[in-house]
Every structure is written in structure tokens, then in C-alpha cells.
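I opened this entry to keep track of what I looked up, chain by chain and then residue by residue. The structure goes in here before my notes.

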Amino acid sequence: MADDKAQLSVSTEGDVKVVQLTDSKILDEVSIMRIGKALTELVAQTIPPKIVLDFVNVGHMSSSALGMLITLQKRVRENKGDLRLCCIQPTIYEVFVITRLNEIFQIHESVQDALASLAE
Amino acid sequence: MQIPSTYEAAKQVEDAVLKELDRHGYDDVAAFAVKLALEESLNNAIKHGNGLDPDKTVEVDYDVDARQITITVADQGGGFDPARVPDPTVDENLEKPCGRGILLMRAYMDEVCFSPCGNRVKMVKCKNCTAQGL
């Protein structure tokens, strides 16, 4: 299932929603708002929400996007769920390190690793 | 140049700057850094400086040569004191959704200087330097 407007592609692995961000640049403020809204709706669809965000197509990032991710994680936690990030390119991962957000999010190298962590 | 306080206008500036960087042979690492810092400074000017006011503009100037790129971004807002922006990397601020723009600008550019009023910022990125290894 693809939400072109929000630039997401969603698949299901058991009780986990795997969300692939399809746009290479999560920098545009309008895109960030759309993505954030779509992800919030996804969180509300399943209780508890288990979500893997796949960054394989993401080549750029911004502080607004990081803020969106933080807000998303809060929503997931409020609903007793889990969020994992995966497939983050090194240049993007560096942004997480600089902001120390690699300590806030659980980040995995692959979708499979992220799914395995949710099964533990 | 002067641009309206819209994200669409900001994107056009970013695209123009990236084109110039490419023309001068800047690599992907430098382009990533400049794009990120420029995006943050423009977003700050549009959103915080000008309050998304369509009647206010953002002044953007840039100069690219074989040695470095220099960018200045100025808004029409009342200014602020960058020194009073809380450190987003301290524990109590880590999970706040905002406040990381200036941190990223400083991390990715070799120089970041705010005017005394705070509504103008000048950033420099050397073509062949690495700041924080970036």
C-alpha cells in the first residue's frame, strides 16, 4: 500500500507495520507535516502500534524531520507500542549522532534486524 | 536576492546553490552539509524570524568559488540571541521536538556567525575542509 501524497509505502509483517519512506529528501516542511500526519494515523490504527520506519530511500534530513520522529515516538509510547528505525545511510545517521538522537531511537541496519528486535 | 517567506521559495534557493556547488566541483559530502545548513537557516528565517508572514521576505546571498561557499540569510524579524537557545543535546532537552537547527548549522558549516541582532547569519563552508569530520 502506498500513500503517494505522504510519500510512504506501508507493508505488514505479522503485527508490525513496516513503513518505507519513499522520498529521498525529508526536508520540505510540507512533506514533513504530511508524513507526520500519515504516521500518526497509522499509530492509531493498531493498538499497541509496532512500527518499523525504513529509511533506505532517504538521502537528506532536517531538524524538523527529527522533531516529527520524536513526536511520533511519543505517540507510539503513549499507546504502549514500539518504534524502530532502520536502513539509515551513514550521512543521515551522522545527523542522529550529532543531535544524540541515536540514543533516543532504536536504530537497526536492516528491516529484518528491526523486526527481530520487536519479536524479542 | 529576496525571497518570500515560503518553503517553496526556500527550496528554489537550495536547488540553485546546489547547482553552483556542483559546477565548482564540490563533493557530495560538502553538498550534503551545505544543503542541510542552508535549509535550517532558511527555515529559521521563514518560520521563526518572519513568522511565516507572507508580507515579509528573506534575503539570501551566496558566493561560491573554488575555495569556499559563503551564504548569508537575513529575515525581517525582531532578532534573537543565539546564545540563549537551549542546548538540545543535554539530557533534559533530548526529547524536545525542536531547537536543533542552529546545532546542525554549526556542526556542518566551518563558520556560522550571527549578527548582533540575530536576524542575519553568515555561514562558510570550505570546499576541502572537514568540520567534525563531516
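**Starting point**

I note that this is a predicted model. I read every value below as computed from it.

**Chain A**

I began with the secondary structure. Chain A has four helices and six strands. I read their order along the sequence as β-β-β-α-β-α-β-α-β-α. The radius of gyration is 13 Å, close to the 14 Å that the globule rule gives for 120 residues, so chain A is as compact as a globular protein of that length. I then took the extent of the C-alpha trace, which is about 30 × 30 × 25 Å along the principal axes.

I looked up burial next. Of the 120 residues in chain A, 42% are buried. I also checked the range of the contacts. Among those with a separation of 6 or more, 74% are between residues 24 or more positions apart.

**Chain B**

I found three helices and five strands. Their order is β-α-α-β-β-α-β-β. Here the radius of gyration is 15 Å, close to the 14 Å from the globule rule for 134 residues, so chain B too is as compact as a globular protein of that length. The C-alpha atoms fill a box of roughly 40 × 35 × 25 Å along the principal axes.

For burial, I noted 34% of the 134 residues of chain B. For contacts between residues at least 6 apart in sequence, I noted that 61% join residues at least 24 apart.

**Where the chains meet**

How many residues of chain B are in contact with chain A? I got 20 residues of chain B against 19 residues of chain A. On the chain B side, the elements that give two or more residues are H1 (7-23), H2 (28-49) and H3 (101-108). The largest share, six residues, comes from H2(B). I sorted this side of chain B by residue class: eleven nonpolar, three polar and six charged.

**The core**

I went to the largest nonpolar core, which has 58 residues. Those that touch the most other members are Val19(A), Ile51(A), Val52(A), Ala33(B), Ala37(B), Val73(B) and Tyr108(B). That list has members from chain A and from chain B. H2(B) gives the most to this core, with ten residues.

Beyond four places in sequence, Val73(B) touches Ser41(B), Leu42(B), Ala45(B), Val58(B), Val60(B) and Val121(B).

**Val121(B)**

I followed that last contact. Val121(B) sits in strand S5 of chain B. Is Val121(B) buried or exposed? I counted 24 other C-beta atoms within 10 Å, so Val121(B) is buried; the cut-off for buried is 20 or more.

Val121(B) and Thr72(B) are 49 residues apart in sequence, yet 5.5 Å apart C-alpha to C-alpha.

**Helix H1(B)**

I tested the length of H1(B). Its 17 residues should span 24 Å at 1.5 Å a residue, and the end C-alpha atoms are 24 Å apart, which agrees.

Which residues of H1(B) are buried? I found Ala10(B), Glu14(B) and Leu21(B). They cover an arc of only 40° around the axis, so they lie on the same side of H1(B). The cover over these buried residues includes strand S1 (2-4), H2, strand S2 (57-64) and strand S3 (68-74) of chain B.

I then turned to the face away from the buried side. The exposed residues there are Glu8(B), Gln12(B), Asp15(B), Lys19(B) and Arg23(B). After H1(B) comes Gly25(B), with a positive phi near 80°.

**Lys127(B)**

My last stop was Lys127(B), in the segment after strand S5 (120-126) of chain B. I counted 16 other C-beta atoms within 10 Å, so Lys127(B) is partly exposed. Setting aside neighbours within four places, I listed its contacts as Tyr26(B), Ala30(B), Ala66(B), Arg67(B) and Gln68(B). I also took one distance along the chain. Lys127(B) and Tyr7(B) are 120 residues apart, and their C-alpha atoms are separated by 27 Å.

Conventions
Residues are numbered from 1 along each chain as its sequence is written. Chains are lettered from A and ligands numbered from 1 in the order in which they are written. This is a predicted model: local features need pLDDT of at least 70, side-chain atom pairs count only at pLDDT 80 or more; totals for chains, interfaces and linings use all residues. Two residues are in contact if their C-beta atoms, placed from the backbone, lie within 7 Å. Ala, Val, Leu, Ile, Met, Phe, Trp, Tyr, Cys and Pro count as nonpolar, Asp, Glu, Lys and Arg as charged, and the others, Gly among them, as polar. A nonpolar core is a set of buried Ala, Val, Leu, Ile, Met, Phe, Trp, Tyr and Cys residues joined through C-beta atoms within 7 Å. A residue is buried if 20 or more other C-beta atoms lie within 10 Å of its own, exposed if 12 or fewer, and partly exposed in between; C-beta atoms are placed from the backbone. The radius of gyration is taken over C-alpha atoms; the globule rule is 2.2 Å times the number of residues to the power 0.38. The expected span of a helix is 1.5 Å times one less than its number of residues. The arc is that of the directions from the helix axis to the C-beta atoms.
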